[in-house]
Amino acid sequence: MLEKIRRDVEETFADDEGRLAHVKGVVATALLLARKLKLDRRKTLVAAYLHDITKNISVKAHKALIKEYYPEEALADLTPPLYHALSAAAYVRKFYGIDDAETLRAIGSHTIGRPRMTPLEKVLFLADYIEPNRPYPISKEVRTIAFNDIDKAVFTAIDHSIRHFEKEGGHVPETAYAARDYYAPKGACHG
Ligand SMILES: [Fe+2]
Ligand SMILES: [Fe+2]
């Protein structure tokens, strides 16, 4: 199955070099983090390869996939650029028959995180944020933290994203705020 997944990803992003490079960067980074945390290598590979598989489908297609597996409310808190996490989780259930809850959760929360993430969720969330093709200085900073203190890295990434979206005037999902509160170092205050 891993070979098929790898081939499918290459085909899906045959015309999207940047995305393919990103996915490969996420795979490599997720494997490094997973090894450090002694996580299942196969599950990590499946989640990392498939996390963005629906990235380039239409909004209508995202919604249709999500509605098959998630309650109506799941969409309400999200903006369209965030749909692909849930639609990718739905896609891997539907087309690969993957029903492992941890894998589906990791794919489903890779964009904004959530409180009480499992180790695999944190690994994928961070790998997506820090993989070497990410050009932002904050990605480098979080990368350094991730290999020392994974929860602190999660907090730093979410906090930075929230501040960025607030500055841009974009919608910040409630789940992102809840995740930031959950991972905030004790005594921290966000104004
Ligand atoms: Fe993504
Ligand atoms: Fe990604």
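Helices here are DSSP runs (H or I, at least four residues), numbered from the N terminus. This is a predicted model, so local features need pLDDT of at least 70 and side-chain atom pairs count only at pLDDT 80 or more, while totals for chains, interfaces and linings use all residues. Residues are numbered from 1 along each chain as its sequence is written, chains are lettered from A and ligands numbered from 1 in the order in which they are written, and side-chain values use heavy atoms, leaving out hydrogens and water.

**Exercise 1.** Work out how Tyr-91 and Phe-95 are placed in their helix and how their rings pair.

*Solution.* 
- Step 1: both sit in helix α6, four residues apart, or about one turn of the helix.
- Step 2: an α-helix has 3.6 residues a turn, so residues three or four places apart point the same way.
- Step 3: rings of Phe, Tyr and Trp (its six-membered ring) pair if their centres lie within 6.5 Å; planes under 30 degrees apart are stacked, over 60 edge-to-face, the rest tilted.
- Step 4: Tyr-91 and Phe-95 are 4.7 Å centre to centre with 50° between the planes, a tilted pair.

**Exercise 2.** Decide whether Tyr-91, Phe-95 and Tyr-96 are buried, partly exposed or exposed.

*Solution.* 
- Step 1: buried means under 20% relative accessible area, exposed over 50%, partly exposed in between (1.4 Å probe, protein chains only).
- Step 2: Tyr-91 has 24%, so it's partly exposed.
- Step 3: Phe-95, at 48%, is partly exposed too.
- Step 4: Tyr-96 has 12%, so it's buried.

Methods: Helices (H or I, at least four residues) and strands (E, at least two) are DSSP runs, numbered from the N terminus.
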